[in-house]
Amino acid sequence: MVGDPVLSTPCREVSAFDAELGTLIDDMFASMYVAEGVGLAAPQVGVDLRVFVYDCPDANGVRQVGHFVNPVLGPLSSELDDSEEGCLSVPGPYHELERPTQATVRGFDRNGSPIEATGTGFFARCLLHEYDHLKGLLFIDHLPRNRRRRVLREIEPYEWNAPLPG
Ligand code: ZN
């Protein structure tokens with residue numbers, strides 16, 4: 001949840017492509033699906049490693065599913081889109097945020113093989129959002145200070161930030 005230092009600290013590079021990394025990635029997919037998110041970064045589950053997963057439609061509505069380890073950002077489009085964006089670690093509020101309409105990410109898969117993805121539309125937004133998490137940035141950190149404060153006031157209790165009833 002926002003406020004936890006792991007979310008505002010740059011993550012460490014993954015150095016071992018071992019079974020533990022595979023388990024982390026599987027757990028992250030499970031957590032993302034339970035939370036009904038379209039992407040999840042390791043710091044959101046308290047792990048300060050450069051890993052994210054996604055299951056997100058692109059500009060053509062085609063479902064894109066994958067993960068990145070030690071990603072680096074490639075070329076971005078100069079064209080921008082200012083759709084609404086939210087975050088599982090800032091549950092409840094959404095806010096418009098300008099992002100490039102196309103983004104390329106290069107990195108490695110769980111076995112250490114090089115991979116690359118070019119996202120369009122919502123998938124580009126997702127790649128950039130998750131990449132930001134690994135730098136210790138939340139989408140609200142891109143907003144002007146007063147809007148950031150307003151978004152933080154709109155946070156709602158969700159299963160993962162409130163005690164369960166009973
Ligand atoms: Zn997020």
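**Entry 1: Arg50 and Glu13**

I looked up the contact between Arg50 and Glu13 and found that their side chains meet in a salt bridge, with an N to O distance of 2.9 Å. I note here that the model is predicted. Arg50 lies in the loop between β1 (39-41) and β2, and Glu13 in the segment before α1 (19-34), so the bridge ties together parts that are 37 residues apart in sequence. I then checked the accessibility of each partner. Arg50 has a relative accessibility of 9% and counts as buried because the cut-off for that class is under 20%. Glu13, at 48%, counts as partly exposed.

**Entry 2: further salt bridges**

How many salt bridges does the structure hold? I recorded eleven. I took two more of them for a closer look.

Arg63 forms a salt bridge with Asp55, and the closest N and O atoms are 2.6 Å apart. Is Arg63 buried or exposed? I read a relative accessible area of 58%, and Arg63 is therefore exposed. Asp55 stands at 11% and counts as buried.

Asp81 forms a salt bridge with Arg125, with 2.9 Å between the closest N and O atoms. This pair links distant parts of the chain: Asp81 is in strand β4 (residues 80-81) and Arg125 in helix α2, 44 residues apart. I noted that Asp81 is partly exposed, with a relative accessible area of 30%, whereas Arg125 is buried at 3%. I followed the shared partners onward and found that salt bridges join Asp81, Glu85, Arg99, Arg125, Asp132 and Lys135 into one network.

**Entry 3: aromatic pairs**

I next turned to the rings. The structure holds six aromatic pairs. One of them is formed by Phe52 and Tyr54: the centres lie 6.3 Å apart, the planes make an angle of 50 degrees, and the pair is tilted. The angle falls in the tilted class because stacked planes are under 30 degrees apart and edge-to-face planes over 60. I found Phe52 buried, with a relative accessible area of 0%. Tyr54 has a relative accessibility of 7% and also counts as buried.

Which residue pairs with Tyr54 at 4.9 Å centre to centre? I identified Phe123; this pair is tilted as well, with 45 degrees between the planes. The two residues come from distant parts of the chain, with Tyr54 in strand β2 (residues 51-57) and Phe123 in helix α2 (residues 121-134), 69 residues apart. Both Tyr54 and Phe123 are buried. I then asked which residues the ring pairs link into a cluster. I listed Phe52, Tyr54, Phe68 and Phe123.

**Entry 4: a charged patch**

Finally, I examined the surface for charge. Asp82, Glu84, Glu96 and Glu98 form a negative surface patch. I placed Glu96 in strand β6 (residues 90-96).

Conventions: Residues are numbered from 1 along each chain as its sequence is written. This is a predicted model: local features need pLDDT of at least 70, side-chain atom pairs count only at pLDDT 80 or more; totals for chains, interfaces and linings use all residues. Side-chain values use heavy atoms; hydrogens and water are left out. Patches are made of residues with over 30% relative accessible area and no salt bridge: like charges are joined within 9 Å, nonpolar side chains (Val, Leu, Ile, Met, Phe, Trp, Tyr) within 5 Å. Accessible areas come from the Shrake-Rupley method with a 1.4 Å probe; for residues, only the protein chains shown count as cover. A salt bridge is a side-chain nitrogen of Lys or Arg within 4 Å of a carboxyl oxygen of Asp or Glu. Lys and Arg count as positive and Asp and Glu as negative; His and the chain ends are not counted. The place of a charge is taken as NZ of Lys, CZ of Arg, CG of Asp or CD of Glu. Helices (H or I, at least four residues) and strands (E, at least two) are DSSP runs, numbered from the N terminus. Rings of Phe, Tyr and Trp (its six-membered ring) pair if their centres lie within 6.5 Å; planes under 30 degrees apart count as stacked, over 60 as edge-to-face and the rest as tilted. Buried means under 20% relative accessible area, exposed over 50%, partly exposed in between (1.4 Å probe, protein chains only).
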